Amino acid sequence: MITNQNYIESHITTDNGEKLPFLWTHGATNGHMGDGIVVYSMIQHMRYKNCVCIGTGGGYIPRIMTQARIDLHKQGIFEGNPTYSWGDIGTTYVVDPCNGVGGDSNICDMDGFYQKTFFPRFIKETSERAYYDFFVREDIMIDLLFIDGDHSYEGVKKDFDLYSKILNPNGLIMIHDTDSSYSETLIISEDSKKDFFPFDGPSKLVQELKNNDDWVVMDLFNFGNIKDKPSSTGLTILKKKW
């Protein structure tokens with residue numbers, strides 16, 4: 001196989017064997033990377049360095065961002081100091097307020113597997129505050145932005161409108177949970193309903209952006225393609241027409 005399955009199952013889709021929260025929303029299993037392979041491939045192909053993930057339950061997408069950059073160095077594409085988020089190969093930024101909205105997360109455990117293995121630059125704050133008081137102040141430009149935080153229309157639109165201002169000309173934005181057919185048919189168990197927040201905001205924003213001539217929009221939906229296997233909640237890729 002072209003992939004290292006042992007490493008994937010110990011470091012990417014699990015925390016050394018411990019299942020990641022929300023892995024299923026990416027259509028991923030212990031042995032299959034789901035949406036993650038798309039993120040990995042884009043960073044590899046475009047040679048992206050500055051990667052930002054807004055919202056993440058168990059650090060699944062940001063660990064792939066880091067691994068893709070490390071692999072580019074191992075492959076001889078990136079040169080210099082390969083320190084994960086402070087060297088010459090770019091940085092993975094994670095923005096998450098750890099406020100419990102949308103379910104429990106282990107991303108804030110600074111002694112946990114993800115933090116101690118992949119060493120992100122972690123901003124424990126709302127995405128709006130992080131934008132103004134971190135990214136703008138440090139004059140950071142983004143190559144790849146993954147939006148997976150506030151799933152209300154107002155929340156995802158605010159993240160898109162703000163962070164797209166600091167997107168590099170060849171950069172990409174990925175928005176998660178954009179397949180309306182998935183969100184509309186998902187069954188929530190009775191015990192989980194008290195913690196459930198609708199996630200129809202991303203799909204509404206994407207439909208709006210499809211009528212905007214400033215953006216190229218590509219949906220990657222696989223819900224229902226193989227009915228008895230996990231599928232993604234939807235991933236949409238956007239590139240600005242400069």
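Two strands pair if DSSP finds at least two bridges between them. Helices (H or I, at least four residues) and strands (E, at least two) are themselves DSSP runs, numbered from the N terminus. By these terms, strand S6 is joined to strand S7 (residues 167-176) by five bridges, and the two run parallel.

This is a predicted model, in which local features need pLDDT of at least 70, side-chain atom pairs count only at pLDDT 80 or more, and totals for chains, interfaces and linings use all residues. Residues are numbered from 1 along each chain as its sequence is written, and side-chain values use heavy atoms, with hydrogens and water left out.

**The whole chain**

The protein chain has eight helices and nine strands. Its radius of gyration, taken over C-alpha atoms, is 17 Å, close to the 18 Å from the globule rule (2.2 Å times the number of residues to the power 0.38) for 242 residues, so the chain is as compact as a globular protein of that length. Along the principal axes, the C-alpha atoms fill a box of roughly 50 × 40 × 35 Å.

Of the 242 residues, 48% are buried. Buried means under 20% relative accessible area, exposed over 50%, and partly exposed in between (1.4 Å probe, protein chains only). A contact means heavy atoms within 4.5 Å. Among contacts between residues at least 6 apart in sequence, 71% join residues at least 24 apart.

**Strand S6 and its partners**

All six of the six residues of S6 (residues 142-147) are buried, so this strand is largely enclosed by the rest of the structure. Strand S3 (residues 50-54) pairs with S6 in the parallel sense over four bridges, and Val52 stands opposite Leu145 in S6. Towards S7, Phe146 stands opposite Met174.

S6, helix H6 (residues 153-163) and S7 make a right-handed β-α-β unit. Right-handed means that, with the strands pointing away from the viewer, the path from the first strand over the helix to the second runs clockwise.
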